Amino acid sequence: MSFDLITQKKIYEALNGVISCPVYDNAPQGSGFPYVTIGEANLTDNDTDSTQNVYISYVIHVWSRADGRKEIKTIMGEIYSALHLTKFSESGYSFTENYFLSSDSFVDSDGKTRHGVQTFKLTMEII
């Protein structure tokens, strides 16, 4: 299994059923709001002479059509609580440094959809 696929699996497991809305890789057409999508991942090699590991920064998107920013900020808080400093576990891998990097929220170009973006970073090593 690839580093980024394992990471996506772990993120989904950490969020699904824990936050107050559905979590998708790609939201089905007609999905009701709010919902979360697991977005982009950027992998950077961090191998040493004796280890095979990678830095992964990953993005979580929150989508809402509620008036105001309360709903989107509430969900983003749930995501932060579910992911920041969480120690993932997967046979054959070690996860360290899973932490929050940044967040932003704005109204999308359609003028109706609120969009939240959070970025996290972790280190993953094959053991």
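## The residue after helix H1

Helix H1 is followed by glycine 17, whose phi is positive, near 80 degrees; helices here are DSSP runs of H or I with at least four residues, strands are DSSP runs of E with at least two, and both are numbered from the N terminus. The model is a predicted one, in which local features need pLDDT of at least 70 and side-chain atom pairs count only at pLDDT 80 or more, while totals for chains, interfaces and linings use all residues. Residues are numbered from 1 along each chain as its sequence is written, and side-chain values use heavy atoms, with hydrogens and water left out.

H1 spans residues 3-15, and its 13 residues reach 18 Å from the first C-alpha to the last, close to the 18 Å expected at 1.5 Å a residue (the expected span being 1.5 Å times one less than the number of residues).

Phe3, Ile6, Thr7, Lys10, Ile11, Ala14 and Leu15 of H1 are buried, that is, under 20% relative accessible area with a 1.4 Å probe and protein chains only. These residues cover an arc of only 160 degrees around the axis, which puts them on the same side of H1; the arc is taken from the directions from the helix axis to the C-beta atoms. The buried residues of H1 pack against several elements, including strand E3 (52-64), helix H2 (70-83) and strand E5 (114-126), where contact means heavy atoms within 4.5 Å.

E1 and E2 run parallel and are joined by 2 bridges, two strands being paired if DSSP finds at least two bridges between them. Threonine 37 in E2 is the bridge partner of tyrosine 24, and the bridge partner of threonine 37 in E3 is histidine 61.

E2 and E3, by contrast, run antiparallel with 9 bridges joining them, and they form a hairpin with 6 residues between them.

How values were computed
Buried < 20%, exposed > 50% of the residue type's maximum accessible area, 1.4 Å probe, protein only.
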